[in-house]
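Please look over the model shown here.

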Amino acid sequence: MVVEKKGDKLRCYSSLICCTKWCHLPVSSSSSSLKAENEPENKPDAVLSDSKTTQRKPAGWKSMPYVLGNETFERLASMGLLANFMVYLLTQLQMDQVAATNLINVWSGASNFAPMVGAFISDAYLGRFWTIAFSSIASFLGMVTLTLTAWIPRLHPLPCTAQPQGHNKCMGPTQPQMAALLTALGLVSIGTGGIRPCSIPFGVDQFDQTTEAGRRGVNSYFNWYYTTFTVVVMIALTLVVYIQDSVSWVLGFGLLAFLMLCSIILFFWGTRIYVYVEPEGSVFSGIVQVFVAAYKKRRLKFPAAGDVEGRLYDPPAKRSILSKLPMTKQYRFLNKGAIVVDNELSPGGSPSNPWRLCSIQQIEEVKCLIRIVPIWASGIICFTPIVQQGTFTVSQALKMDRHLGPNFQIPAGSLAIISMLTVGLWLPFYDRILVPYLRKITKHETGITLLQRIGIGMAFSFLSMFVAGLIETKRRASAIAHGKPDGVAPISVMWLAPQLILMGFAEAFNVIGQIEFFNKQFPENMRSIGNSFFFCSLAGANYFSSLVVVIVHDVTGKNGRSDWLTNDINAGRIDYYYYLLAGLGVLNFIYFLVCAQRYQYKGSMPIQEEEYHCDPEVNSIKE
């Protein structure tokens with residue numbers, strides 16, 4: 001366990017019920033350790049007489065099998081559930097298509113917004129380790145409950161053939177059966193809300209970012225994190241779906257529960273080498289305090305450049321902070337919140353009222369959040385084309401020749417593997433070959449800047465929609481020309497590969513770029529919340545896509561004409577819908593360029609050893 005305190009080393013043990021070895025409590029506060037100046041070189045585990053804790057060096061890649069292993073198994077369980085869940089609702093619970101679609105949309109949206117709540121709990125109260133631990137257990141219980149809905153006859157409707165005669169359609173689930181299903185989904189969402197915002201920051205915590213090797217390790221970690229995620233999605237779309245469809249739903253869901261159990265065991269197995277971060281309290285109250293303090297002091301005159309020393313509240317950084325943020329002139333109206341006036345400091349040097357006086361560090365952290373929001377908003381439209389892989393791309397595939405040889409037909413829902421395969425093949429090449437080459441040219445540690453990477457992904461995003469429109473025009477013309485009764489166009493489904501490959505590149509650049517951007521540009525004590533921003537973008541993309549679909553459906557289906565998105569896609573114009581998304585993507589790209597041009601990257605300065613002294617009688621300003 002690492003505690004960011006010079007010269008102090010702390011160590012604490014606690015036994016875990018689900019762990020057979022002694023595990024270190026997650027009470028440390030730093031994402032990476034700084035070597036104490038007075039620390040004996042040959043005594044890395046020296047213990048102070050007045051403390052029961054020690055300092056631990058970040059293990060770096062040695063801890064990644066446990067961190068990435070936990071995340072991989074958890075992702076495989078959750079993705080294996082989502083990949084074929086629509087089929088389960090329609091065939092096993094016998095829900096109608098509208099109800100099943102609404103249930104999945106609401107649940108997916110809630111699961112993507114839940115990480116914001118999980119991030120708040122992590123950063124304010126539990127810390128990342130315990131948030132992941134409790135959330136993993138909740139997710140496991142959800143998987144077990146879902147397995148029971150398929151296993152126990154009373155928890156799902158009778159098959160249509162076994163239901164009483166006289167019904168025009170199959171009877172759907174009863175209220176108790178729906179309650180069991182919603183309980184399972186609720187537990188899974190709780191698990192998602194805690195694991196997703198904390199897994200990446202927890203992995204970053206395991207690297208010593210004060211070293212060159214540690215910083216490069218973090219850069220590679222983001223790429224390998226998404227590579228494992230891509231492999232997991234490919235397995236979920238093939239093997240897990242096959243077991244659920246062709247073998248047994250009980251076995252399919254039971255396998256997901258078993259994988260979640262493996263995730264928990266593997267996570268606790270690495271507790272002896274983890275670096276832990278201590279929660280800092282509610283970051284949201286700190287954000288509000290900055291605006292309140294700046295508003296209350298809006299009429300004060302800010303000290304001149306040469307008269308700032310001792311006039312602003314700038315205490316030593318907290319133990320969780322690896323480097324302090326320098327004061328900037330951007331959004332400088334907030335800087336007034338750090339002006340020290342009469343009786344605002346206690347004898348110990350802390351603010352007597354945090355709603356009237358904030359530190360420079362606290363103010364600069366709020367500025368980081370303000371700067372990031374416009375960049376985050378651009379991700380919503382950028383992710384919208386990626387969402388189409390599970391909807392209209394599948395509809396296109398159903399009206400194309402999906403045969404691969406005389407006896408095998410590619411499942412329409414499995415075509416997303418093409419984009420996942422693109423990501424899986426590109427990222428190792430990008431990380432190991434392209435980045436080192438670009439680093440020599442640009443002299444930039446990551447080859448290109450984070451915003452450049454995000455922008456390249458956005459370009460691939462709207463290009464994928466433009467190509468999708470061209471391919472749909474060709475498919476539709478072929479289907480109409482041949483006029484088959486089933487409406488299938490006699491062209492190979494592999495014609496959809498170009499748009500899926502472009503979507504894969506959009507994910508490889510933009511998705512990973514955003515994840516890395518949020519983790520590096522958010523303040524260190526707000527990384528979990530920063531990571532949850534990514535999932536809020538996905539939720540926003542889902543809801544934005546639904547909004548566009550509703551508007552297009554209502555506007556284009558007037559005067560007796562078929563709307564663009566009618567059930568018969570040969571009569572509709574999905575290609576026009578794709579062109580609309582491409583146009584929105586271009587406008588979003590222009591908006592992003594404006595925001596990126598104005599964006600100011602987070603600065604940092606080394607933490608000083610000297611103590612902070614401020615005499616409230618000498619260095620204060622009278623209101």
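Which residues of α15 are buried?

## Basis

This is a predicted model: local features need pLDDT of at least 70, side-chain atom pairs count only at pLDDT 80 or more, and totals for chains, interfaces and linings use all residues. Residues are numbered from 1 along each chain as its sequence is written, and side-chain values use heavy atoms, with hydrogens and water left out.

## Helix α15

The buried residues of α15 are I574, D575, Y577, Y578, L581, A582, G585, N588, F589, F592, C595 and A596. Buried means under 20% relative accessible area; exposed is over 50%, and partly exposed lies in between (1.4 Å probe, protein chains only).

Helix α15 covers residues 574-598, 25 residues in total. Helices are DSSP runs of H or I with at least four residues, numbered from the N terminus. From first C-alpha to last, α15 reaches 36 Å, close to the 36 Å expected. The expected span is 1.5 Å times one less than the number of residues.

## E472

E472 sits in helix α12 (residues 450-482). E472 counts as buried because its relative accessibility is 0%. Its side chain makes a polar contact of 2.9 Å with that of Q396. Such a contact is a pair of N or O atoms within 3.5 Å; within protein, one must be able to donate a hydrogen and the other to accept it, and residues adjacent in sequence count only if both atoms are side-chain atoms.

Beyond neighbours within four places in sequence, E472 is in contact (heavy atoms within 4.5 Å) with Q396, I569, I574, D575 and Y578. I574, D575 and Y578 are among the buried residues of α15.

## V435

V435 belongs to helix α11 (residues 417-442). At 6% relative accessibility, V435 is buried. Setting aside neighbours within four places in sequence, V435 is in contact with Y430, E445, T446 and G447. The C-alpha atoms of V435 and G447 are 5.0 Å apart, with the two residues 12 apart along the chain.

Key
Helices (H or I, at least four residues) and strands (E, at least two) are DSSP runs, numbered from the N terminus.
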